[in-house]
Amino acid sequence: MATTSSFYGLCLVTLLIFVLGIVCPRAEARAFFVFGDSLVDNGNNNYLVTTARADSPPYGIDYPTHRPTGRFSNGLNMPDLISQRLGADPTLPYLSPELTGQRLLVGANFASAGIGILNDTGVQFVNIIRIPLQLEYFRQYQQRVSALIGAKQAQKLVNNALVLMTLGGNDFVNNYYLIPYSARSRQYALPNYVRLLISEYQKILMKLYKLGARRVLVTGTGPLGCVPAELAQRSQNGECAPELQQAAELFNPQLNQMLSNLNKKIGSHVFISVNSKKMHSDFISDPGAFGFVSAKIACCGQGPYNGLGLCTRMSNLCPNRELYAFWDPFHPSEKANKIIVQQMMTGSSDYMNPMNLSTILALDSQN
């Protein structure tokens, strides 16, 4: 009889644990937050009246649903692939009506195609989520999570989260170099413009820190002059556009130094520098080593290098996206994104400074 009672008691306890595990929100899982531009937008712009959208075919052709999602990719983008490495579901766009309840605990994607460090970047796209509003949405997100699991647990979730921040490229291609004699290029010589960007970016990152972010991957710009869009407009013989390359070469070292200074000021490795330029340059300089037939021609587009205009149903479309480093005139293919995220995970200090993502995850799991 005692054995039977013990058995039923154990069953009852097991059932309670199971039920409580379902009913009670869990805040211990690592959340993931994404801020930035079209390189990391998971579909926020689908909910906005803007031309900066990727919500029609052939975008998403290789996504699991084979439908466009708002990602500027043939399939998965960087945040999706990082989420996989975290063992988590992909982050939903903050504007998605599906981002409610338990799904809030996974994190959120606040990124919006077309934005930059400066608020006047991307003005031609009109209605986009500029970085001050992304940070305001992050504050609102924390209020929503506090209502779900309590303020203390919400703060813990945010402090323990991984954050990805991708900004800067649009400040050159969609601002300073957008048109000849642009307003910003008349206002600033390039070195002074870069210093302005770094100064403003530092303010953004400190606001993010004050909002609770404690592990932030900050990507530099890629080799801006080597994307198909710039080759189509500025290249004579397939060489990378020198003025945009110079911009990246000025911006990235100053960004690295600024992140190092912030970490020293804070006294912790909060900000991790991601050398996007080197990651991209590896497969641009030797595409065959990575299984690409081209790192100059976009898979989807038209004109020289498939680099003019938008990727649409009427565009040229390569039959095998695995063979192309660039999906459209500006954005890497899913395969290229996989190479980039692999370097984030395991790359040396030349790629990830002061440590790669695998090291971060191992260190943080001990705390």
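This report covers the sheet, a helix pair, some backbone features and a cavity in a predicted model.

Residues are numbered from 1 along each chain as its sequence is written. In this predicted model local features need pLDDT of at least 70, side-chain atom pairs count only at pLDDT 80 or more, and totals for chains, interfaces and linings use all residues, while side-chain values use heavy atoms, with hydrogens and water left out.

**Sheet.** Six strands form an open sheet with mixed pairing. Their order is β2-β1-β3-β4-β5-β10. Strands (E, at least two residues) and helices (H or I, at least four) are DSSP runs, numbered from the N terminus. Two strands pair if DSSP finds at least two bridges between them. β2 (107-109) and β10 (352-353) stand at the edges, each with a single partner strand, so one side of each lacks a neighbour in the sheet. Strands β3 (residues 162-166) and β4 (residues 216-219) pair in the parallel sense, over four bridges. Leu164 stands opposite Leu217 in β4.

**Helix pair.** Helix α11 (residues 334-346) packs against helix α12 (residues 357-365) at an angle of about 45 degrees, and their axes are 4 Å apart. Axes are lines fitted to C-alpha atoms, for helices over the stretch in contact; angles run from 0 to 180 degrees between N-to-C directions. The two helices are therefore oblique to each other. Angles under 35 degrees count as roughly parallel, over 145 as roughly antiparallel, 65 to 115 as roughly perpendicular, and the rest as oblique. Met344, Met345 and Thr346 in α11 meet Leu357, Ser358 and Leu361 in α12, where contact means heavy atoms within 4.5 Å. By class, this contact has four nonpolar, two polar and no charged residues. Ala, Val, Leu, Ile, Met, Phe, Trp, Tyr, Cys and Pro count as nonpolar, Asp, Glu, Lys and Arg as charged, and the others, Gly among them, as polar.

| Cis peptide bond | Omega |
|---|---|
| Pro57 to Pro58 | near 10 degrees |
| Asn353 to Pro354 | near 10 degrees |

Pro58 is in the loop between β1 (32-36) and α2 (78-86). Pro354 lies in the loop between β10 and α12. Tyr181, a residue other than glycine, has a positive phi near 60 degrees. Tyr181 is in the loop between α5 (169-176) and α6 (183-187).

**Cavity.** A search of the whole structure finds one cavity of 30 Å³ or more. On a 1 Å grid over the protein atoms alone, a cavity is a set of points where a 1.4 Å probe fits but cannot get out; lining residues have an atom within 4 Å of a point. The largest cavity is lined by Ser38, Leu39, Phe72, Asn77, His331, Pro332 and Asn337.

Conventions: On a 1 Å grid over the protein atoms alone, a cavity is a set of points where a 1.4 Å probe fits but cannot get out, and a pocket is an open set with protein on both sides within 12 Å along at least five of seven lines; lining residues have an atom within 4 Å of a point. Grid points are joined across faces, edges and corners, and a volume is the space filled by probe spheres set on the points.
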